[in-house]
Amino acid sequence: MPQRTGLVVAGAGARGAYEAGALSVLVPWMASTGPAPSVLVGTSAGAINIVALAGLAHLDPAEAVDRLIATWSAVQLSDVFVLSSGVATGIRYLEQLLGVPARLPSLLDTERLRGRLAHWLPLHSLHRNIDDGRIDAVAVTTTSTATGSTVVFVEKNPSIALPPPDVGRNITYVETRLTVEHVLASAAVPLLFRPVQVREPKRWHGWYVDGGLRLNAPLTPAIAFGCERLGVVATQPMTSTTSPPPSARPRTRGEPATDRAQPDVYAVAALTMRVLLADRMIEDLHRLADRGRSAAAIDVAFAGPPAGRRGDIAALADDAFHARYGKLGAARNPSMWLLSRLIGGDPDDHGNLLSYLFFDPAFTRRAATLGRSHALRQLYS
């Protein structure tokens, strides 16, 4: 029986462009060194990437990933959400504080993204590629707002079995025909983006948000599908940081002696993002490494930041923003300038948070190049 190969792409927001760059190296490399990926699993931006790739699976792998990069390199902030809805959001928030019957579904209006995904995602060819057997299964992870459990929506070829529920990890696999709603739900970042109502299949009709809450790097579903070889793309390194905290820099003259190194809300938010997006992935990768010492070995190829390069994407985002929109450049895109001002924080924290929402060619083109560079280093060094 031929070896089954899987592709796992983690959630990343605007860092999905970085992932596309990494995929431009990883996917052709996997196709040249063994069976091409036939089980594709993704979360959030990773779900967008794997659905797009599955729809392009009939093309040469290099051409498919080049098209993916082209899409990310052209994306604009207005393709994803509208900041002008902030006034209405503020009014609804005040109404709720005052006890007025009103609901605030999210801080940002992402309804525009639905139309953009309908245009970007080649769903018709995805269905055909699965029916023709080019792809065994495509799975996108979501989180049910009703139960808090991970629900993995799967479109698959009849030749492959649907995994049973994973009680230990609270994961349920649901077979369906994938639509924009499933992908949009996987990318619905809690608080920022609106929960998405998924209507199919009818038994699982309900509201869903980002699958990254519980399963940002969905290695477990790929293994449940019987993959013995995995390509993994993420925007965090596959190793934990074990070094002590850096020393606080000296205070400037007149600066208070207290609280200089105390983290502010932006630093804590940046830390939260790193923990949510990376820690479970690192645990799962170490579990696979332990498993690799047994007979049930799984070969893993990782394409993402090398150890010690954790801050490269954040630094790139901060640099790209100031080069494009700093000083008088705000007139180029007032919404992007406003978004940056709302994020705040020290340069490291600002760049880290901004990189998840910097939907602009000034960042996405360079992020794709960085992703490609990191993947080349990981796979060929």
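Start by selecting Tyr173 and Phe225: both are buried, where buried means under 20% relative accessible area, exposed means over 50% and partly exposed is in between (1.4 Å probe, protein chains only). A word on what you have open: this is a predicted model, in which local features need pLDDT of at least 70 and side-chain atom pairs count only at pLDDT 80 or more, while totals for chains, interfaces and linings use all residues. Residues are numbered from 1 along each chain as its sequence is written, and side-chain values use heavy atoms, with hydrogens and water left out.

**Aromatic pairs**

Stay on those two side chains. Rings of Phe, Tyr and Trp (its six-membered ring) pair if their centres lie within 6.5 Å; planes under 30 degrees apart count as stacked, over 60 as edge-to-face and the rest as tilted. By that rule there are 5 aromatic pairs. The ring centres of Tyr173 and Phe225 are 6.2 Å apart with the planes at 80°, so this pair is edge-to-face. Tyr173 sits in strand β5 and Phe225 in the loop between α10 (219-224) and β8 (229-233), so the pair ties together parts that are 52 residues apart in sequence. Helices (H or I, at least four residues) and strands (E, at least two) are DSSP runs, numbered from the N terminus.

Next, pick Phe321 and Phe358. Their ring centres are 6.2 Å apart and their planes are at 65°, so this pair is edge-to-face. Phe321 is in helix α12 (residues 312-325) and Phe358 in the loop between α14 (347-357) and α15 (361-380), so the pair ties together parts that are 37 residues apart in sequence. Phe321 counts as buried at 1% relative accessibility, and Phe358 is buried with a relative accessible area of 0%.

Now show Tyr356 with Arg15. Arg15 lies over the face of the Tyr356 ring, at 4.3 Å from the ring centre; a charge sits over a ring if NZ of Lys or CZ of Arg is within 6 Å of the ring centre and within 35 degrees of the ring normal.

Select residues 150-156. This is strand β4, and 7 of its 7 residues are buried.

Bring in β3 (residues 137-144), which pairs with β4 in the antiparallel sense over 7 bridges; two strands pair if DSSP finds at least two bridges between them. Look for Ala137 opposite Lys156. The two strands form a hairpin with 5 residues between them, and Gly148 in the turn has a positive phi of about 75°.

Click on Ser149, in the loop between β3 and β4. Ser149 is buried, with a relative accessible area of 9%. A polar contact of 2.6 Å joins its side chain to that of Thr147; such a contact is a pair of N or O atoms within 3.5 Å, where within protein one must be able to donate a hydrogen and the other to accept it, and residues adjacent in sequence count only if both atoms are side-chain atoms. Leaving aside neighbours within four places in sequence, Ser149 is in contact (heavy atoms within 4.5 Å) with Thr142, Thr143, Ser144, Asn170 and Arg214.

Asn170 lies in the loop between β4 and β5. Then go to the Glu200 and Pro201 peptide bond, which is cis, with omega about 0°.

**Salt bridges**

To finish, look at charged pairs. The structure holds 7 salt bridges, each a side-chain nitrogen of Lys or Arg within 4 Å of a carboxyl oxygen of Asp or Glu. One of them joins Arg114 and Glu181 (2.4 Å, N to O). That pair links distant parts of the chain, with Arg114 in helix α6 (residues 111-120) and Glu181 in helix α8 (residues 180-186), 67 residues apart. Another is between Glu63 and Arg67, with the closest N and O atoms 3.1 Å apart. Both of these residues lie in helix α3 (residues 61-74), 4 residues apart, about one turn of the helix.
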